[in-house]
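Work through the exercises below with the sequence and the model at hand. Each task is followed by a stepwise solution.

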Amino acid sequence: MFEFQQYLGFIVAMGVLTLGFWLMIFLVGFVQYWAGGAVIELIKEKKAKKREAQEQIK
């Protein structure tokens with residue numbers, strides 16, 4: 001059968017794999033959403049500043 005050390009090694013390996021899986025899901029899903037939203041907001045702010053500058057010139 002298995003020894004206790006092998007059982008602990010299996011538990012640690014499964015923990016690492018599980019944590020890696022959820023980290024991958026987090027990075028693929030949520031981080032792209034946050035980064036995309038930040039880029040969109042940055043573009044909106046730049047457009048607003050450009051409009052303000054053009055209105056002040058007139």
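Predicted model: local features only at pLDDT ≥ 70, side-chain atom pairs only at ≥ 80, totals over all residues.

**Exercise 1. Determine how many helices and strands the protein chain has, and explain why it is more spread out than a compact globule.**

Step 1. There are 1 helix and 0 strands (DSSP runs numbered from the N terminus: helices are H or I with at least four residues, strands E with at least two).
Step 2. The radius of gyration, taken over C-alpha atoms, is 25 Å, well over the 10 Å from the globule rule for 58 residues, so the chain is more spread out than a compact globule. That rule is 2.2 Å times the number of residues to the power 0.38.
Step 3. Along the principal axes, the C-alpha atoms fill a box of roughly 85 × 15 × 5 Å.

**Exercise 2. Check the span of α1 against its residue count, and locate its bend.**

Step 1. The 54 residues of α1 should span 80 Å at 1.5 Å a residue; the expected span is 1.5 Å times one less than the number of residues.
Step 2. The end C-alpha atoms of α1 lie 78 Å apart, which agrees.
Step 3. At Leu27, α1 bends by about 30 degrees (the angle between axes fitted to the seven residues ending there and the seven starting there).
Step 4. Within α1, Glu55 is exposed at 58% relative accessibility. The C-alpha atoms of Glu55 and Ala13, 42 residues apart along the chain, are separated by 62 Å.

**Exercise 3. Identify the side chains that meet in a salt bridge and describe their placement in α1.**

Step 1. The structure holds 1 salt bridge (a side-chain nitrogen of Lys or Arg within 4 Å of a carboxyl oxygen of Asp or Glu).
Step 2. Its partners are Lys44 and Glu41, at 3.9 Å from N to O.
Step 3. Because Lys44 and Glu41 are 3 residues apart in helix α1, about one helical turn separates them.
Step 4. Lys44 is partly exposed at 49% relative accessibility, and Glu41 is partly exposed at 43%.

Conventions. Residues numbered from 1 in each chain as written. Heavy atoms only, no water. Buried < 20%, exposed > 50% of the residue type's maximum accessible area, 1.4 Å probe, protein only.
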